[in-house]
Amino acid sequence: MWDIVSHIFPYAIAFTVPLLAAALGGFFSERSGVVNIGLEGLMVIGNFVCAVTISKLQPSMGQGAIWLGLAMAAAAGLAFSLLHAFASISLCANQVISGTAINMVASALTVFLARTMTGSGNVRITLGFVPFDVPVLCKIPVIGPLVFTKSYATTWLVLAILAISWFVVYKTRFGLRLRACGEHPQTADAAGVNVYRMRYAGVLISGALAGLAGAAILVTFSGEFNGTVAGLGFLAMAALIFGNWKPLGILGATFFFGFAATLANVSQVVPELSKIPGLVLKAFPYVVTILALVLFSKTTQAPKADGEIYEAGKR
Amino acid sequence: MKGLRDLFTALAAVILGLLAGAVLMLAIGANPLEGFSYLFRGGLMNIERIGNTLATATTLTLTGLAMAFAFRTGLFSIGAPGQMLMGGLVATVIGLSLHLPKWEMLTVILLAAMIAGSIWGFIPGYLKARFNVHEVVSTIMLNWIAYWTVYYVIPAHFKANLETESARIPDYASLKVPWLTEMFKGSFINLGVFAAIVAAVVISIILNKTVLGYELKAVGFNRTAAEFAGINVPMNMALSLGISGALAGLAGATFYVGYAVNMQIGVMPSQGMDAIAVALLGANSPLGVVLAALFFGVLHSGKGFMNAMTGIPPEIGDTIIAIIIYFAATSVLFTRLFDGLRARFRRGQ
Amino acid sequence: MDYIVEMLSITKRFPGILANDDISIRLRKGEILALLGENGAGKSTLMSILFGLYKADSGTIRLRGKEVHVSNPNVAGELGIGMVHQHFKLVQNFTVTENIVLGLEPIKGLVVDLKSAARRIKELSETYGLNVDPYAKIEDITVGMQQRVEILKMLYRNAEVLIFDEPTGVLTPQEIDDLMAIMRNLIGEGKSILLITHKLKEIKAIADRCTVIRRGKVIGTVDVADTDEAKMAEMMVGRAVSFSVDKAPRESGEVVLDISGLNVLSGRKTQAVKDLSLQVRYGEILGLAGVDGNGQTELVEALTGLRKTQSGTIRLKGVDVTHATVRARILSGMAHIPEDRQRRGLVLDYSMEDNLVLEVYGLPPFSHGGFLDRKAIRAHADKLMEDFDVRAGEGSLAVARSLSGGNQQKAIVGREIDHDPDVLIAVQPTRGLDVGSIEYIHKRLVEQRDRGKAVLLVSLELDEIMDLSDRIAVMSHGSIVGIVDPKSVTEADVGLMMTGVSREIAKKGEDK
């Protein structure tokens, strides 16, 4: 039993990390008051851009290409999310529809471009992050083998982002104003805060983080772009709700989902698990998500103005 | 006036989407005029192609109606793909297991598909009504559950030779009929086209002329007022998504045992997502949905031809559709433009 | 003359409405200038321009003689102008300190320095007698205290000119007195105050001068000491206004609505209604007085079926309807004019004719066998709109959203009265309406009572309750504190009861 758990843990963490990054993106966006359903599409964009960057630059840059790929993915996600921000903030479009449009454009556009590049619609990379054991820390009993072995660079990057996010949103001026925009934009407006600018910031940050998330998938366990991230963007949204829009809660929720999803993925390798029918394992994360939503949707504390269109001058 | 404004907005979105498509074609070094010419000819050039366009439009009309209905009642259900899969699965299973004369067969299949889809829609509706679960996330989760269900059930019990698809549907279980197929010279057209038309009419009647429609729209516009009026809001929500699911389930039947001759696994039907575009473009009205579905039918039918003749990847069709939705979503810009033009027109008179 | 603020020839247009038409007002240093006008006259718009929330189409603003451009609330703050809004601009789950410093946060390195801000707030609070806890969360403090937080916001920013927008709507009579004392304090410390209100009594109590605005134009400015309420009312409305309602005394009949031992939880799981018992009789208007937030909303929701009860019974015409559906109660003779006409009372995107059958669309003659009968619905709407003087551009086809607040409310009142209910529960039926509409609706409510029906009038405007009711039940902290005869108590008495105090006074004026 312990063997299975310690075997799975590193994979679970690797799976959790992109979810966490995307969910943090959703966190910034929704805290500012904008629902971002387009996380899925933004992850695909990040995935694609990172794949292209790495495959093109790998011969000349080697390992550096991966880091550049991550940066480009975040930049691409940020740029693409501008579409969503413009539509839902400046044009007051329905945020759910705008986000869905982003998803559709992202998946169609990336496959279209991929096909022109490789002919098959997939982009394979042969260079990714290599899992490593953190020196010293991996020797700690219990936690060592669980958390500090076979970890990826992106894991630590995203955890750092988590800490920074918590600090920024709860301790800084920017964070106070951001949260005000998500709770009661009229108050923020009357206090002289530019609600539009804050919400743009929230959405753009979510785009960058979602792009990063998509790239993280690529360089850790996926290895190729194939047009989809299998619903992970939506899982991230569910994690946001499950985590009650708080960073620590999101960490817990994403890890829970990560663990559930990993069970399915590693079932072939683990003899005890391969006895469970494939359907159950594969559907498990999605069923669990629904159950989590059922349990937690009634008592959630979404930012009060989340999803509401804000028009200055409306009393 | 509202109809005219919706039409204007739709046309504006379409034109902008096509323009964006043209830009993309240029970007990869192709000739947009040539590309579009083959794209549209591919859908309309001869009677066979028209048949294919109609067949594609059939499924899109039904999923579009499903979306429009849900949207009208205030629910952002994105569950059409999963509901299609369940409807199609049930249709395929019955088609391969039961043997009845054709008309009985088709009745059973269509009803069963509608029931399956309706259940798959009722679940998120109920979860929303009872537990306030956000229907966007729950419907997407159910999409994936349906996807994996098909993935495992078909190869386990219903395959023929290939691991990735079901056995071929026998003729007595298929929606294709000889006289239609002959009329359209061997295209994919099937009886589903009539189902789609009937469905559009029925939905239109429900929405505009019935007590049920009044209640559903009221809930969609203003839940609080509907509650005040004595309307049972939770039940209406669940019912609405149930009806929407039935439509999508029916769409699944028309696709998997109508358009196609078997069911493939590992594919999330794109008509589910395209349905959002169809509904938006059609301004959530049944007539609009039919027209939008026909337009998209042309795009889908034509993209293969365009690819063959010019090498432009067929995904451009999907990209154009997605961009159209984006513009339809930002339609506020167009409605303002429309109002502005109308005011200027009036002043000039 | 020493004017600290001058707004000269201000004009502001919104789509379809001229809110401010060449308005000029002048505020002297150290005075309280009241801006009097009906709902919708343009006072709030004018002050929003002064505070930088809106930009005037034309006109100038002068501060201490120098022309200024107030482009946003920050600039207003720097110029020393502060505003306490009618609808508080507070973030519910932030603390008092966080709300006050928003937009002007003191920094220590990268972090917001809440501690030093809290200290300053405590000092200010003590100087001005405001008694506010800097670390309390807004959602946990009373409305009166929330208003004091708004005042602190202004003082924190060293405002010299303080604008109060309809500040007394949410306060008990005692809290209103407290507020007046605070205002006198502020004047004593050298501030100047602009008071927006439509309450003549308050103007007489505290203001030095009064500028009257009607339909976007200034009618005149008077010295409050030399002008009586009737004169000010006439300026405000444009004609002589009668303050009392014509109401012949009437014998009330049997009990039609019997509430017994009712307990209801609020949405936040607090005990909103505590063991409440009340009876409403045929042929009477029973007024329910109380400060906002004392359980009236939850009581009405429980009575109409919109909220579950914990225990207790509600009997309508002798039948237990405690657990009946909303629809069942409507069909049994209960009608409801809701507190929030736009959220509850109407589907704004529906046409008027669809709205006017909002509860009865499923019954003949409006529908048969599940299908709607358009002709019947239209005829019904036409008749109602004529009977109740509802004005709309496209008649019964007009979309509800396009009607003015007054006409929307008249339509709702008409719809509910048309049900000919045994009990009509009217909650804030005249909120935000102009005097003409208010008079009209009051008349129809009295008519309902004269025809032998019952009316339960729930209102935050004590004047309205005192004018219309045959009996007044005072509600505080979820229970009925006492029931009095309006002819034998004063507003002050009722005000005291509204705070939950004084059973003695209740006994003094008590009427069975």
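Where does C:Asp389 lie? I will come to that residue in a moment, after a word on the model itself. This is a predicted model, in which local features need pLDDT of at least 70 and side-chain atom pairs count only at pLDDT 80 or more, while totals for chains, interfaces and linings use all residues. Residues are numbered from 1 along each chain as its sequence is written, and chains are lettered from A and ligands numbered from 1 in the order in which they are written.

To answer the opening question, C:Asp389 lies in the loop between α13 (374-387) and α14 (405-418) of chain C, where helices (H or I, at least four residues) and strands (E, at least two) are DSSP runs numbered from the N terminus. Although C:Asp389 is not a glycine, it has a positive phi of about 55°. With 14 other C-beta atoms within 10 Å, C:Asp389 is partly exposed; on this scale a residue is buried if 20 or more other C-beta atoms lie within 10 Å of its own, exposed if 12 or fewer, and partly exposed in between, with C-beta atoms placed from the backbone. In chain A, A:Asn244 also has a positive phi of about 55° without being a glycine, and A:Asn244 is found in the loop between α10 (232-242) and α11 (247-265).

Let me turn to chain C as a whole. Its secondary structure comes to 18 helices and 24 strands, and its C-alpha trace spans about 70 × 55 × 50 Å along the principal axes. Of its 512 residues, 48% count as buried. The domain assignment, whose bounds come from an automatic or database source, gives domain 1 (3-237) and domain 2 (255-339 + 416-508). The centres of these two domains, taken over C-alpha atoms, are separated by 33 Å. Their contact takes 10 residues from domain 1 and 13 residues from domain 2, two residues being in contact if their C-beta atoms, placed from the backbone, lie within 7 Å.

Strand β3 (residues 32-36) of chain C runs parallel to β10(C) and is joined to it by five bridges, where two strands pair if DSSP finds at least two bridges between them; here C:Ala34 stands opposite C:Leu195. Strand β9 (residues 161-165) of chain C is likewise parallel to β10(C), with five bridges, and C:Leu162 has C:Ile193 as its bridge partner.

Finally, the contact between chains B and A takes 34 residues from chain B and 37 residues from chain A. On the side of chain B, α6(B) gives the most, with 10 residues.
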